[in-house]
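Colleague: I am new to this one. Please take me through it step by step.

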Amino acid sequence: MVGTVSVNPAPSVPAARDEVVEFVSRLIRFDTTNTGEPETTVGEADCARWVAAQLEAVGYETEYVESGAPGRGNVITRLAGADPSRGALLIHGHLDVVPAEPADWSVHPFSGAVEDGYVWGRGAVDMKNMIGMMIAVARRFKRAGVVPPRDLVFAFVADEEAGGRFGAQWLVEHRPDLFAGVTEAIGEVGGFSLTVPRRDGGERRLYLIETAEKGMRWMRLTARGRAGHGSMIHDDNAVTAVAEAVAALGRHRFPLVLTEAVGEFLAAVAEETGHDFDPASPDLEGTIAKLGPIARLIGATLRDTVNPTMLAAGYKANVIPAVAEAVVDCRVLPGRQAAFEAEVDELIGPDVSREWITALDAYETGFDGDLVDAMNAALLAVDPEARTVPYMLSGGTDAKAFDRLGIRCFGFIPLRLPPELDFTALFHGVDERVPVDALRFGTEVLEHFLTHC
């Protein structure tokens, strides 16, 4: 493992963990809602400029980039390391959040309230928690004169929640120079703890490092038929055809496939808990359900999934339309794309056409190497009971963009969570919140990691 070069921080330099809560709260107060439509997406530019100001205040030179549309702000800065011959490390996070309906929440989703040991608001876990930690650690390094072992590139990007067309994807295509020399990266979604019961009666905290994620493919189905009057017998109805295709896809269960990341995760959990996660078992998913709320995420990585999400057809109750459409959200395991498409075509039949409206490939890397060792060491330095394990994310992140530059990507946002917290339900959920103690813990881990990476 490579060591760190630094100077002793002055006593007046505040610890990063003491600033992170205020940073996360302030970030949440920027309404950076991403509706998926550029004309109704707001706040990213203001938030990005605020981030730049926090970094420039301690001496960083930042670059603000609007990516393809007004207001889609991105900020990138670089901290030089001790060994310029080594590949740089990218630390990336997205500024945008999904919409939130205030009437559904216990607190206003853009209040950034700090109450009951939590920071509340949209983005608290997805992913302004990490943005706050990045700012806090970057500022401390600059003020304390810390020189990391390698160059660190901090990127704060737009539009992740809509696929990154105005964020990471745009930057990779149009400004790859910003990531010159970067060989590895950390971002969402990983590094959080999962407490499992041990076979000896105790408990063990596993920290899940994302090493793989499913492909994200949004597909439009189109059926064309003969328009006509709704009162007559009609055997060429586009609505019927698309509805049958949607129903077939929505009810279908794709074959179980145990990827390397999921297999390693289940093996680690089996070792700790004594549960048997035999892939040949007819009740593997039932055994996984014993893991509690995390089972929703793990279960979704056992097979490809298709979920119908949108329907569009017709304009009047008594008119049979000539065209009917549906949109389905497809998540595909690494190595399964060709087989998946063949299975979909068989299900929808010849009378319904399909096209990809978003196509982001699956991603997978190994759970090995110096960077993984540094993650493990950083967690153990702050939590001696930690055990790191790989896992696959059922969703997608900006890693899909940075992979195009040959960057090896991991999900690593270190958070020590209360065992009873249903963390996965907070992503895009009502009353999204992050524990204050988890933020402080994560900042300590991140600081250790970035000085030993």
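Modeller: Strand 9 (residues 203-213) is mostly covered, with ten of its eleven residues buried. Buried means under 20% relative accessible area, exposed over 50%, partly exposed in between, with a 1.4 Å probe and protein chains only. Strands (E, at least two residues) and helices (H or I, at least four) are DSSP runs, numbered from the N terminus. This is a predicted model, in which local features need pLDDT of at least 70, side-chain atom pairs count only at pLDDT 80 or more, and totals for chains, interfaces and linings use all residues. Residues are numbered from 1 along each chain as its sequence is written, and side-chain values use heavy atoms, leaving out hydrogens and water.

Colleague: In the hairpin of strand 8 and strand 9, which residue takes a positive phi?

Modeller: Five residues lie between the two strands of this hairpin. The positive phi, near 100°, belongs to G201.

Colleague: What is the bridge partner of A212 in strand 17?

Modeller: Strand 9 pairs with strand 17 (residues 386-393) in the parallel sense, over eight bridges. Strand 9 also pairs with strand 16 (residues 363-364), in the antiparallel sense over two bridges. There, A212 stands opposite E364. In strand 17, the partner of A212 is M392.

**The open sheet**

Colleague: In what order do the four strands of the open sheet run?

Modeller: The pairing in this sheet is antiparallel. Its edge strands, each pairing on one side only, are strand 12 (305-313) and strand 15 (352-360). The order is 12-14-10-15.

Colleague: What is the bridge partner of W218 in strand 14?

Modeller: Strand 10 (residues 215-224) and strand 14 (residues 323-332) pair in the antiparallel sense, over ten bridges. In strand 14, W218 has as its partner D329.

**Two helices**

Colleague: Are helix 1 and helix 3 parallel or oblique to each other?

Modeller: Helix 1 (residues 16-28) and helix 3 (residues 128-144) pack at about 135°, with axes 8 Å apart. Axes are lines fitted to C-alpha atoms, for helices over the stretch in contact (heavy atoms within 4.5 Å), and angles run from 0 to 180 degrees between N-to-C directions. Under 35 degrees counts as roughly parallel, over 145 as roughly antiparallel, 65 to 115 as roughly perpendicular and the rest as oblique. The two helices are therefore oblique.

Definitions and conventions
Two strands pair if DSSP finds at least two bridges between them.
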